[in-house]
Amino acid sequence: MNEFLQAAIEAAREAGAILLEGAGRPKEIIYKGEVDIVTESDRRSEAAIVARLRSRFPAHAIVAEEGSGGAKAAGAKYCWHVDPLDGTTNFAHGYPCFAASIGLLENGEPLVAAVFNPVSDELFTAARGEGAYLNEEPIHVSPIETLAHSLVATGFPTHHRKRSANMGYYWEFTLRSHGVRRDGSAALDLCSVACGRFDAFWEFGLNSWDTAAGMLLVREAGGMVTSLSGAPYHPGDPDMLASNGRIHAEMQQVAAHVAASSV
């Protein structure tokens, strides 16, 4: 496992250097959808990560956001899930909240994780059963016991935005908490839950590369990750709820209320 984690760390740091170099330059922006964009730095970062992982672990599958991994997760014992630039819109606008996120799944379950924010020089790492770390120091979820005293986070999709149900959830959680933050990087939001900056995070429509690393960090930091209904969560599922564990049931109750109200 240490070999896997070390490879993830090296790849995340290499990708972070590429992103930091590109952050101060004019960016070539390509639209994949109405508001879904990709930059040259996304592609350079992904190419570097995939090349490093493929050279170290040629038998492993790699699923990467921009498609250069060339492999599907189905049937693979080991599969890397790579987001070379989580927070592309932030990056394109010069907002310093983005990261490279790399997670390895073993038979569909998270095994190692590395998320690197090159702007703040924060490296979040975890390995199954070995705890979660920020720059090699142990991290833990917050001790907050109630939603009313919590700061929570969410995100909104770039696809089918008008059909997103999240605005109702956003409204209810805003009224019931200290506030809801929307920073535009699911990977970093999950890291913030893991280190106690946020007490919970929920979102709809995330891809496996958005959550494969972050969900392990939350779990290894002592938190909880499920679907909004409380079912087991797997990377790529339709919705997720991550929390410090203490407010998880209350978050689920609010989510159930919103879902029932929208029927």
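Predicted model: local features only at pLDDT ≥ 70, side-chain atom pairs only at ≥ 80, totals over all residues.

Student: What's the strand order in the open sheet of five strands?

Tutor: The order is β11-β10-β12-β14-β13, and the pairing is mixed.

Student: Which strands stand at the edges?

Tutor: Those are β11 (179-181) and β13 (224-226). Each has a single partner strand, so one side of each has no neighbour in the sheet. On average, neighbouring strands here are turned by 20° against each other, ignoring direction.

Student: And β10 with β12, parallel or antiparallel?

Tutor: Parallel, over three bridges, with β10 covering residues 151-154 and β12 covering 200-204. If you want a spot to look at, A153 sits opposite F201 in β12.

Student: Which strands does helix α7 lie across?

Tutor: Helix α7 (residues 248-261) lies across β10, β12, β13 and β14, and runs at about 145° to β14. There's also helix α6 (residues 208-220), which lies across β13 and β14 (239-243) at about 140° to β13.

Student: OK, switching topic. What volume does the second largest pocket have?

Tutor: About 190 Å³.

Student: Which element gives the most to its lining?

Tutor: That's β7, with four residues. Both α1 (2-23) and β7 (122-127) supply at least two residues of that lining.

Student: What's the lining like by class?

Tutor: The second largest pocket has six nonpolar, three polar and three charged lining residues. Among the residues lining it are L5, I9, R13, L123, E130 and Y133.

Definitions and conventions:
Residues numbered from 1 in each chain as written. Heavy atoms only, no water. 1 Å grid on protein atoms, 1.4 Å probe; cavity = no way out; pocket = protein on both sides within 12 Å on 5 of 7 lines; lining within 4 Å. Points joined across faces, edges and corners; volume = space filled by probe spheres on them. Nonpolar A, V, L, I, M, F, W, Y, C, P; charged D, E, K, R; others polar. Pairing = 2+ DSSP bridges. Axes fitted to C-alpha atoms, helices over the stretch in contact; angles between N-to-C directions. Contact = heavy atoms within 4.5 Å.
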